[in-house]
Amino acid sequence: MTRNRWAAPLMLLGLACGGGEGNQTPVTPGAPRVSAKELRGLEVTLARNDLRVGQATGPALAYGRYDDGTTGVVEAAWTSSDPSVVEVAEDGTLTGVAVGRATVSASFEEFGDSLDLEVLAPNPRHDRDQPDDLSGPQIHVVYALPGDAEDGNLDRYGDVERSFDAIQHWLEGETGQRLRLDTAGGRLDVTFLRLSFTAPEGEERGDALLQDLEGAIRGSFGGLPDRAYAVYYAGRSGDLCGTASAEGRIAVAFVHPEGCSPRAVGADRETASTYEAVMVHQLLHVFGAVPECASDRLETSAHVGTSAGDLMYAGPEWSGHDEVVIDAGRDDYFGHGRPDCSDTAANGFWEPAGAAEPRPPGAGAPRPAIPSEDWPVRCGLLPRPAETDEPDTPEEPAAKPS
Ligand SMILES: [Zn+2]
């Protein structure tokens, strides 16, 4: 402290003696010419502040806030108030150890910040349909894992549940309706399905992967007539994000960081993202979107071709919309009410949103937040350019002329 008080006058004296340069910024000999920005505070961020026993999440990041208005990640030192509840690694990765609460703190230089975390028990895993709360048409949710795939526990850690919370929140705001989901004891009934084929086998099957999934689901659930299935498949099919079978009433999202998107399923309970939009896109196919009677329908597939921000859009025009809309004009596939044309809003898989105020289409609805590279949906029902060049060979029993 005392040293500093002396340093300033000495430095000024030095400048005065040197002369010649006029009165520019004083320069301390030996110090860098460009004044380093000064740290003013620290802020810790993490996507959510709950995790499950056994779950590793994060890393939490510590952002330094500087006097020039910028921020940047700093290498903070991490500690947990109770490592028997939450463990924190050197890089900020958090692991739930036991049910409870703990505070995780970061410190860097003289600054610090902390996060309060809650560790919850994992959801029980079910490999069967649980006794239903509802009767009648409903959507049953499945977490399907190829035989060799690493178990991401999307059912046990609540990701699938959060994903459908975000979907319902979005749909309620956007349409005034919500999906009728299969619940058991008031909670989303997510069935875990370990498949008999491996991820590479699934990928090799190409379009036939959908039939394999359909077979596995019918085999496990019997396939009730008033049931539709929403499947998060933990594997890829090229870079596709999803596909659907209207006859089989199956909507599939291909959840894979190198296939569809590195975004997490159900990252945010309130705001839908890539996989939520993919799931709704595929469910709308199951419900009959986009019908041939829709004026904006593409000739080549069951998508719309004119409105680039539409959830069912497929086409080359798209250039970075961040707003995804469900049939904004209510004239193509959702809520048009035309008796001569199939309407995806008119079936038993929907129920009124209840207390939530239905909004006019497009007005202030909580829309999904989707990175532009994930949009529009890379859908398995689109014709594939590489394959359409080859001559059409519909399944013919005749042997190939070898
Ligand atoms: Zn599609």
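Residues are numbered from 1 along each chain as its sequence is written. In this predicted model, local features need pLDDT of at least 70 and side-chain atom pairs count only at pLDDT 80 or more, while totals for chains, interfaces and linings use all residues.

User: How many of the 17 residues of H2 are buried?
Analyst: Helix H2 covers residues 159-175 and reaches 24 Å from its first C-alpha to its last, close to the 24 Å expected. Helices are DSSP runs of H or I with at least four residues, strands are runs of E with at least two, and both are numbered from the N terminus; the expected span is 1.5 Å times one less than the number of residues. A residue is buried if 20 or more other C-beta atoms, placed from the backbone, lie within 10 Å of its own. H2 is largely enclosed by the rest of the structure, because its buried residues number 14.

User: Which residue just after H2 takes a positive phi?
Analyst: H2 ends at residue 175. The positive phi, about 75°, belongs to glycine 176.

User: Within what arc do the buried residues of H4 fall?
Analyst: The buried residues of helix H4 (residues 209-221) are Leu209, Leu210, Leu213 and Ile217. An α-helix has 3.6 residues a turn, so residues three or four places apart point the same way. The arc is that of the directions from the helix axis to the C-beta atoms. Seen down the axis of H4, the buried residues line one face, because they fall within an arc of 100°.

User: How many bridges join S1 to S4?
Analyst: S1 and S4 belong to an open sheet of three strands with the order S1-S4-S5 and antiparallel pairing. Strand S1 (39-45) is an edge strand, as is strand S5 (71-73). Valine 44 stands opposite alanine 62 in S4. The number of bridges joining S1 to strand S4 (residues 61-66) is six.

Note on methods: Buried ≥ 20, exposed ≤ 12 C-beta atoms within 10 Å, placed from the backbone. Pairing = 2+ DSSP bridges.
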